[in-house]
Amino acid sequence: MGWVINNGFPVDEIILVNKLADKIPIIKEINPTLVIDDCMYNWQELEPKLATDFITEVNKMGVDLVVFSGSWSEVIGNYL
């Protein structure tokens, strides 16, 4: 989290969950302005897959979602 703060990202909190589906009720509850997530699952099998259901659900909520691809400069360029 230090890198995020040191680079000027306004952060209220970072929430960790056990599985991707656990994020949906949290997002609904806190109604954030922006969610940054890799939107991947199946990491334990070393074959990550795009979580299209998760992306669709977040988009339905009207929350701005950044599917993080590993490039913070892309995020910075679009949001700071």
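How much space lies in the largest pocket? This is a predicted model, where local features need pLDDT of at least 70, side-chain atom pairs count only at pLDDT 80 or more, and totals for chains, interfaces and linings use all residues. Residues are numbered from 1 along each chain as its sequence is written, and side-chain values use heavy atoms, without hydrogens and water.

The answer is about 1200 Å³. Here a pocket is an open set of points on a 1 Å grid over the protein atoms alone, where a 1.4 Å probe fits, with protein on both sides within 12 Å along at least five of seven lines; lining residues have an atom within 4 Å of a point. The volume is the space filled by probe spheres set on the points. Of its 35 lining residues, E13, I14, L34, V35 and I36 are the closest to the centre.

Now look at helix α2 (residues 23-30), which packs against helix α3 (residues 52-60) at about 10°, with the axes 11 Å apart. That makes the two roughly parallel, a term for angles under 35 degrees. In α2, K23, I24, I27 and K28 meet F54, E57 and V58 of α3, where contact means heavy atoms within 4.5 Å.

How values were computed:
Axes fitted to C-alpha atoms, helices over the stretch in contact; angles between N-to-C directions. Helix = DSSP H or I, 4+ residues; strand = E, 2+ residues; numbered from the N terminus. Parallel < 35°, antiparallel > 145°, perpendicular 65-115°, else oblique.
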